[in-house]
Amino acid sequence: MSVEKRLKEIKDSLPNHVQLVVVSKTHSSSTIMQAYNTGQRAFGENRVQEMMEKVNQLPDDVEWHMIGSLQSNKVKYIAPYIHLIHSVDSLKLLRTINREAEKNDRVISVLLQVHIAQEESKFGLTDEQLYQLVEEINNQPFNHVKVTGLMGMSTFTSDKEVVRNEFKHLKNLFETVKTKLNDASAFTELSMGMTSDYQLAIDQGSTIVRIGSAIFGER
Ligand SMILES: *Cc1c(COP(=O)(O)O)cnc(C)c1O
């Protein structure tokens with residue numbers, strides 16, 4: 001099946017309130033254009049260098065999503081154009097994004113990434129660190145950053161019950177953080193679900209799914 005067909009099938013299967021971010025990491029700009037030409041605009045990359053190369057090759061109206069772990073010293077390269085950073089996991093990173101956004105006269109939307117999986121290797125805040133960061137955000141509001149929600153990745157397992165419970169937990173954290181934030185007016189997004197588990201994620205309240213291999217094939 002073609003990229004266009006697979007993309008259409010997935011889009012048609014998503015509820016209206018769920019946004020699709022097409023994960024294009026490792027794929028060429030010409031492959032990405034196949035998705036772009038169907039009307040898709042939101043694309044996710046996990047490496048700054050790779051994103052920068054594609055930004056230069058692709059149309060200006062692509063909405064770029066940073067979904068991989070981000071080092072503070074690389075924020076300056078994406079600050080001029082990034083649409084949403086899904087992977088904020090420290091106060092230091094948040095401060096850097098705020099500073100670089102100010103330099104570019106922008107307000108950058110971000111999600112706080114929470115570690116919900118069993119694997120050690122996955123990035124993200126513990127529940128405690130998340131609540132601590134929320135407190136710090138309340139104490140020193142950032143004028144050039146908008147915290148619009150949470151992001152998480154489930155454990156890589158075929159056990160649906162494990163995955164479902166992790167998503168349920170993230171949804172609960174989302175609802176709790178919403179009550180804790182002094183300004184929660186923009187706090188509306190829950191980025192969870194990829195090729196293997198996006199249906200489970202949607203059942204648990206996801207508003208953004210990040211899907212790569214179901215559209216482009218295995219990497
Ligand atoms: C690669 C990646 C995805 C997409 O994974 P697929 O299994 O190809 O759908 C989603 N989220 C993050 C953070 C990723 O790194």
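**Close-up views of the ligand site and a salt bridge**

View 1. A backbone N or O atom of Gly 212 lies 2.9 Å from an oxygen atom of the ligand, a polar contact being a pair of N or O atoms within 3.5 Å. In this predicted model, local features need pLDDT of at least 70 and side-chain atom pairs count only at pLDDT 80 or more, while totals for chains, interfaces and linings use all residues. Residues are numbered from 1 along each chain as its sequence is written, and side-chain values use heavy atoms, with hydrogens and water left out. A polar side-chain atom of Thr 195 is 2.5 Å from a ligand oxygen atom, and an N or O atom in the side chain of Lys 25 is 2.7 Å from an oxygen atom of the ligand.

View 2. The side chains of Arg 41 and Asp 61 meet in a salt bridge with an N to O distance of 3.1 Å, the term meaning a side-chain nitrogen of Lys or Arg within 4 Å of a carboxyl oxygen of Asp or Glu. This pair links distant parts of the chain, 20 residues apart, with Arg 41 in the loop between helix H2 (29-36) and strand E2 (42-45), and Asp 61 in the loop between helix H3 (48-57) and strand E3 (63-66). Helices (at least four residues) and strands (at least two) are DSSP runs, numbered from the N terminus.

Conventions. Polar contact = N/O pair within 3.5 Å; in protein donor to acceptor, adjacent residues only side chain to side chain.
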